[in-house]
Amino acid sequence: MAKPVTQFICSSCGAVHKKWSGRCDDCGEWNTIIEEAPLSAGPGKKTLGARKGKGMALTDLRTEEAAPERDTSGLNELDRVLGGGLVAASATLVGGDPGIGKSTLLLQAAGAYAKAGLNVIYVSGEEATAQVRMRAQRLGLADSPVKLASETNLREILTTLDAERPDLCIIDSVQTMWLDTVDSAPGSVSQVRASCHELVSFAKRKGVSIMLVGHVTKDGQIAGPRVVEHMVDTVLYFEGERGHQFRILRSVKNRFGPADEIGVFEMTGAGLAEVPNPSALFLSDRDERAPGSVVFAGIEGTRPVLIEVQALVAPSSLSQPRRAVVGWDSARLSMILAVLEARVGISFQGLDVYLNIAGGMRIKEPAADLAIAAALLSAREDSALPAASVVFGELSLSGALRPVAQAENRLKEAQKLGFSQAIASKGCKITDKAGMDLKLMPDLAAFTGEIFGAG
Ligand code: TYD
Ligand code: MG
């Protein structure tokens, strides 16, 4: 028999290593590598040999396939993030930090789907059914026909699902599930992977849609949702800053729709409320005349969203001035500071720089570069941008501004929310200005000269 091999797996990203080390080379996380139960080394022979299998049936690509049937929940934000509704027999993973509201979201979704006529089963591996019922009461779902269970043994769960054949089963969470055929503890990489694989293949075989909760953990003993991302059809992340009531549901992978779509929710005393117009929400309570505050006209998925970027620049007492960033990539901030210094001659040496994206939002679009640069300049020069203006454009290392996609949609959203001026990079495709006063800039130096005088 082949000798069992021990392997070391990163519980954050799932990378397999030959040796233990303090830091995973793949994802850079510390203390996440753990020794996994030995796996069998597999068949001794390297090739399949001469024995033939049954073969597989081939079909023609040109055959017409109807668009997948989708079930809508009536929670518009959720339906949109899923790409227009839940696809039958699909597997969806909802990841997020503990306490962010995943169970609340999925219980509300369960209630909404049940109300829409689907047969829904909610299995909690973390809470007793009485606890779930109490939460449902708080969410106003006490009389919705969702079936509940509290169970962690997958053999029991799959037996029940096979008998009941619901349309949708919610599993909260995948880290608490265990298979009696796998030797390691619940939450370990092998257990989480095997459980997920079992659930997903059940979903495909029996036509039951599955939604899985996955906690994002920093604790190396528990596998994170990233180790099963490749197995499911759709991966959603539920994000938000603690202390902020806004929650953003973001699709990072979707086999049935666009990725990077967002849905915005607000955590209230009675559960999650949908936010149909996020721009108005992210911009409320804003002081237009404050230096360092700039409105970025962004695109999240298919939707334009206006977001406020705030910067503060202050003299530093430290030998290495502070660069603190919330909601934006810190490496990209360093890049913008370097371009400002090298191409426009504006230095931030000896100055602390704080950058914040308002409302607990996270921006990933490079189109925000110009807005970030504008906020930094505005804070440093202590002079506000023209009133009622939005900014967008991507910055290259040469200081030139690159055109960005969907410029017209950005303008339309800004116009809808009462803005009258837009400052953007030259070359953006714009035929309809939506009545906005438009300033197109070729590079950062031109922008600085135009907005802040000679710079
Ligand atoms: P929960 O859904 O349990 O988080 P997760 O499953 O992601 O761990 O949400 C927990 C938080 O949400 C908790 O701190 C309280 C808050 N909350 C509300 O503010 N209002 C509500 O109606 C509910 C049910 C929870
Ligand atoms: Mg929970």
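A backbone N or O atom of Gly 271 lies 2.7 Å from an oxygen atom of ligand 1. The model is predicted, so local features need pLDDT of at least 70 and side-chain atom pairs count only at pLDDT 80 or more, while totals for chains, interfaces and linings use all residues. Residues are numbered from 1 along each chain as its sequence is written, chains are lettered from A and ligands numbered from 1 in the order in which they are written, and side-chain values use heavy atoms, with hydrogens and water left out.

**Exercise 1. The surroundings of ligand 1**

Task: Find which residues are closest to ligand 1, and which elements supply its shell.

Solution. 

Step 1. Collect the neighbours. A residue is near a molecule if one of its heavy atoms lies within 4 Å of it. The shell of ligand 1 has 17 residues. The closest are Gly 99, Ser 103, Thr 104, Thr 268 and Gly 271.

Step 2. Look at the atom pairs. A polar contact is a pair of N or O atoms within 3.5 Å; within protein, one must be able to donate a hydrogen and the other to accept it, and residues adjacent in sequence count only if both atoms are side-chain atoms. Ser 103 places a polar side-chain atom 2.6 Å from an oxygen atom of ligand 1. Thr 268 uses its backbone instead: an N or O atom there lies 2.8 Å from a nitrogen atom of ligand 1.

Step 3. Check the cover. On its own, ligand 1 has 560 Å² of accessible area, and the protein covers 74% of this. Such areas come from the Shrake-Rupley method with a 1.4 Å probe; for residues, only the protein chains shown count as cover.

Step 4. Assign the elements. Helices (H or I, at least four residues) and strands (E, at least two) are DSSP runs, numbered from the N terminus. α2 (102-115), α3 (129-138) and β13 (262-268) each supply at least two residues of the shell. α2 gives the most, with three residues.

Step 5. Sort by class. Ala, Val, Leu, Ile, Met, Phe, Trp, Tyr, Cys and Pro count as nonpolar, Asp, Glu, Lys and Arg as charged, and the others, Gly among them, as polar. The shell has five nonpolar, eight polar and four charged residues.

**Exercise 2. Pocket and cavities**

Task: Give the volume of the largest pocket and the number of cavities of 30 Å³ or more.

Solution. 

Step 1. On a 1 Å grid over the protein atoms alone, a cavity is a set of points where a 1.4 Å probe fits but cannot get out. A pocket is an open set with protein on both sides within 12 Å along at least five of seven lines; lining residues have an atom within 4 Å of a point. Grid points are joined across faces, edges and corners, and a volume is the space filled by probe spheres set on the points.

Step 2. Take the largest pocket. Its volume is about 660 Å³. It is lined by 24 residues, and Asp 97, Val 216, Lys 218, Tyr 237 and Glu 239 lie nearest its centre. β11 (234-239) and β12 (246-254) each give at least two lining residues. The lining divides into nine nonpolar, six polar and nine charged residues.

Step 3. Count the cavities. There are two of 30 Å³ or more.

Step 4. Describe the largest cavity. Its lining has 13 residues; Arg 286, Glu 288, Leu 385, Pro 386 and Ser 389 lie nearest the centre. Strand β15 (residues 293-300) gives the largest share, three residues.

Step 5. Describe the second largest cavity. Among its lining residues are Arg 70, Leu 82 and Phe 256. By class, four are nonpolar, five polar and one charged.

**Exercise 3. Single residues**

Task: Decide whether Glu 300, Arg 165 and Asp 382 are buried, partly exposed or exposed.

Solution. 

Step 1. Set the limits. Buried means under 20% relative accessible area, exposed over 50%, and partly exposed in between (1.4 Å probe, protein chains only).

Step 2. Glu 300 is buried because its relative accessibility is 6%. Its side chain makes a polar contact with the side chain of Arg 250, at 3.0 Å.

Step 3. At 57%, Asp 382 is exposed. Its phi is also positive, about 55°, although it is not a glycine.
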